[in-house]
Amino acid sequence: QGFTNEEHEQLEKAEEKKREKELAEHFSVVEEELNAVLSYAPNGAIFGSSTLRSPLQFRLRIYNSCYDSHGGIRRFLFKRFAAEPILVSTVSPEMRAKIALNTLRNYGYFGGSTRYEVITSKNPKKAKISYHISPGKAYLYDTIRYERFTPELDSLIRSNQSESLLKQGKPFSAQSLVAEQSRLERLFRENGYYYYTGSNITFLADTLMRKHHVQLKVVPKDGLSPLMNKSYNIGNLYMALRRTENEPLDSIRTLRTTTVRYGGKKLAVRFGVLRRSLAHRAGERYSLTNQEHTFEKLAQLNVFSNVDVRYVPRDTIGSGSDTLDIYVNAIMDKLYDSSFEMNATLKSNDQMGPGVAYSLSKRNAFGGAEKVTWKLFGSYEWQLGGDANTDNSLMNSYEMGTQLAIELPRFVA
């Protein structure tokens, strides 16, 4: 179904308003960046403002009048209260103007310009700095192409094209390029490319083909290692578990693809608990999410003082294996924790009094990363403003008790 000329005009006006709103929002971010670059608080600044300052410059006056003092009260005042004057050379306006120009370019204002002017006053010791910013017109993304990736990576990019952070017609910014690098890194690593990082991706931009537009190519860097373009599967798990840093590993236990070496005759943490703490499974494709979940689960066990997890390819030269073995080195944390607390209470019914509590906790109490805490507490409270001849004097209370708590690192039905 076609549109009438009037409907076409309405659609074009709506698109134009949307584009103007996006450009306004884009420039508001640029303004914040420029203000952060150019602002410098003068002596006696009010709330850190670069333009508002107190008319009473006591600290600066003390500096000027007592600078050459070598003793006495004037030297004391200088050390305690003087404020060193902020010089134009300290502000370095030329450098700030250059940084501001670079900020404009980072946000797509390639035709922008910046300059500064030092405005002197009747007092030769006073001056102001005025910055003149001419941003020009913002450049927009035109064509965006992903080239020179391997067929497998190119297929991943195309299947997730809707999630790209680079959109045709949107304002150019260096931040969007960095964000797209991070997005592609996560996309590739979620699909087995363990060694791929966002720094392996670069951009080729052409601003001459179409005025105020950027023709962009997203490409991998030249000379990448073959490891970057290889998708890996998970292999075996090898874990070394020590009670102390120097404990020898004289025992070993293996079940299918998992091998645990440990000291002593008994495994400090049950084998099943250790295995469940790893989100990876042998034979499945490596995933960054599973790696993050593995780190989280090992930390949530709360029984290790130090954990190191490494992913190592079985062979990087010979047969070129596509399998990653996982090596975990863990050191057990101390078994017991204790704490002592003291507090004072004042209630709305005018009762007050002290309280104390002592708690003792044992980690890995039953070999499954459980935590058992025993707590002994007591308190005493009395009525404020009580009279010995009234019943208020009897409104005293005390409390003593114990508490036993068990924390389990899993759901129990």
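A salt bridge is defined here as a side-chain nitrogen of Lys or Arg within 4 Å of a carboxyl oxygen of Asp or Glu. The structure is a predicted model, in which local features need pLDDT of at least 70 and side-chain atom pairs count only at pLDDT 80 or more, while totals for chains, interfaces and linings use all residues. Residues are numbered from 1 along each chain as its sequence is written, and side-chain values use heavy atoms, with hydrogens and water left out.

The structure holds 19 salt bridges. One of them joins arginine 19 to glutamate 16, with the closest N and O atoms 2.9 Å apart. Both residues belong to helix 1 (residues 5-38) and are three residues apart, about one turn of the helix. Helices (H or I, at least four residues) and strands (E, at least two) are DSSP runs, numbered from the N terminus.

Helix 6 (residues 151-159) and helix 7 (residues 174-190) have axes that come within 11 Å and cross at roughly 115°. Axes are lines fitted to C-alpha atoms, for helices over the stretch in contact, and angles run from 0 to 180 degrees between N-to-C directions. In this pair, Leu153, Leu156 and Ile157 of helix 6 meet Leu184, Leu187 and Phe188 of helix 7, contact being heavy atoms within 4.5 Å. By class, the contact of helix 6 with helix 7 has six nonpolar, no polar and no charged residues; Ala, Val, Leu, Ile, Met, Phe, Trp, Tyr, Cys and Pro count as nonpolar, Asp, Glu, Lys and Arg as charged, and the others, Gly among them, as polar.

Most residues other than glycine have a negative phi. Arginine 148, in the loop between strand 3 (140-146) and helix 6, has a positive phi of about 70°. Asparagine 302 has a positive phi of about 60° and lies in the loop between helix 9 (288-300) and strand 9 (304-313).
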